[in-house]
Amino acid sequence: MSILFISDVHLSTKSPYITDGFLRFLSYRAVRAKALYILGDLFETWLGDDDYNLLHISIAKALKALNQRRISCYFIHGNHDFLLGQRYARACGMTLLSSNQVLKLASGKKIIILHGDILCANDNSYQLFRKFLRHIIVQRLFLSLPLSIRSRIFSAIRSCCLQHTKYKSKKKLNINLKIATDMLIQNHADIMIHGHTHQPAIHKIYRSKKNVFRIIVLGCWNKYGSMIEVNEKNNDILFTEFPLYEIKKY
């Protein structure tokens with residue numbers, strides 16, 4: 001059985017076709033896996049576990065169904081849903097992980113997994129803002145506010161961020177490959193999987209003829225879903241993009 005990795009689904013009530021595609025993915029593809037790792041930004045917006053709407057309920061039920069089939073589900077926070085907490089995780093039957101993890105496969109091969117925004121180290125303003133938002137006191141103050149006020153604050157922040165991003169260079173928006181490579185070396189791993197940038201790619205970094213690092217970037221779910229499948233038996237890694245409306249046939 002294989003291990004699946006996805007990221008940047010960005011579920012929203014404004015994009016029901018993505019929700020339908022994701023639910024089909026869980027029913028027809030993830031159900032045959034050993035484990036599913038969600039590497040952040042499962043939701044476009046997460047204002048707190050008390051914002052329990054119909055979308056959140058339907059996704060929780062679908063993920064819980066995987067859990068009941070003994071298919072493990074793990075979640076790493078993204079920059080859109082970093083407030084997702086233990087309450088909702090329990091409803092989904094999924095385990096929350098820290099910002100980056102090192103997986104050791106049965107073969108002994110190590111894979112680093114993370115959302116990917118911490119790799120965008122060239123964007124100093126974003127990293128400072130990220131550090132501020134992730135501070136436990138800031139989060140507690142935000143979550144203590146009424147849901148309607150949280151929604152207004154989030155909308156204002158998002159509008160400013162979208163406007164600011166328009167003027168950022170590609171260098172700032174992309175990952176710093178040196179930092180990614182250093183992380184691989186420090187953890188004695190040769191594969192990294194992440195999302196965040198919405199630029200699906202496989203970067204190969206040659207240290208020698210026999211020593212090659214692979215940094216695999218998951219794509220954003222829109223008309224197509226994006227998935228990485230790792231087969232533990234033979235260490236095969238398959239990077240797939242598939243039409244959301246054809247998942248049943250996949």
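Modeller: One term before we start: buried means under 20% relative accessible area. Aspartate 117 is buried, because its relative accessible area is 2%. Keep in mind that this is a predicted model.

Colleague: What does aspartate 117 meet in a salt bridge?

Modeller: The side chain of arginine 134, at 3.8 Å, N to O. Aspartate 117 sits in the loop between β6 and α4, and arginine 134 in the loop between α4 and α5. They are 17 residues apart. Salt bridges with shared partners join Asp117, Arg130 and Arg134 into one network.

Colleague: How many salt bridges in the whole structure?

Modeller: Seven. One of them pairs glutamate 229 with arginine 29, at 2.7 Å. Glutamate 229 is in strand β10 and arginine 29 in the loop between α1 and β2, so the pair ties together parts 200 residues apart in sequence.

Colleague: Are glutamate 229 and arginine 29 buried or exposed?

Modeller: Both are buried.

Colleague: New topic. Which residues does UniProt list for "binding site"?

Modeller: The unreviewed entry lists Asn79, His80, Asp123, Thr165, Lys168 and His196. The lining of the largest pocket includes Asn79, His80, Asp123, Thr165, Lys168 and His196.

Colleague: Where is threonine 165 found?

Modeller: In helix α6, residues 147-165. Threonine 165 counts as partly exposed, at 32% relative accessibility.

Colleague: Last one. Which element has the lowest mean pLDDT?

Modeller: Helix α7, residues 170-173, at 60. Strand β2 has the highest, 98. The chain mean is 91, and 95% of residues reach 70 or more.

Key:
Residues numbered from 1 in each chain as written. Predicted model: local features only at pLDDT ≥ 70, side-chain atom pairs only at ≥ 80, totals over all residues. Heavy atoms only, no water. pLDDT = per-residue confidence, 0-100. Helix = DSSP H or I, 4+ residues; strand = E, 2+ residues; numbered from the N terminus. UniProt positions renumbered as here; feature names shortened; annotations may be inferred. 1 Å grid on protein atoms, 1.4 Å probe; cavity = no way out; pocket = protein on both sides within 12 Å on 5 of 7 lines; lining within 4 Å. Buried < 20%, exposed > 50% of the residue type's maximum accessible area, 1.4 Å probe, protein only. Salt bridge = Lys/Arg side-chain N within 4 Å of Asp/Glu carboxyl O.
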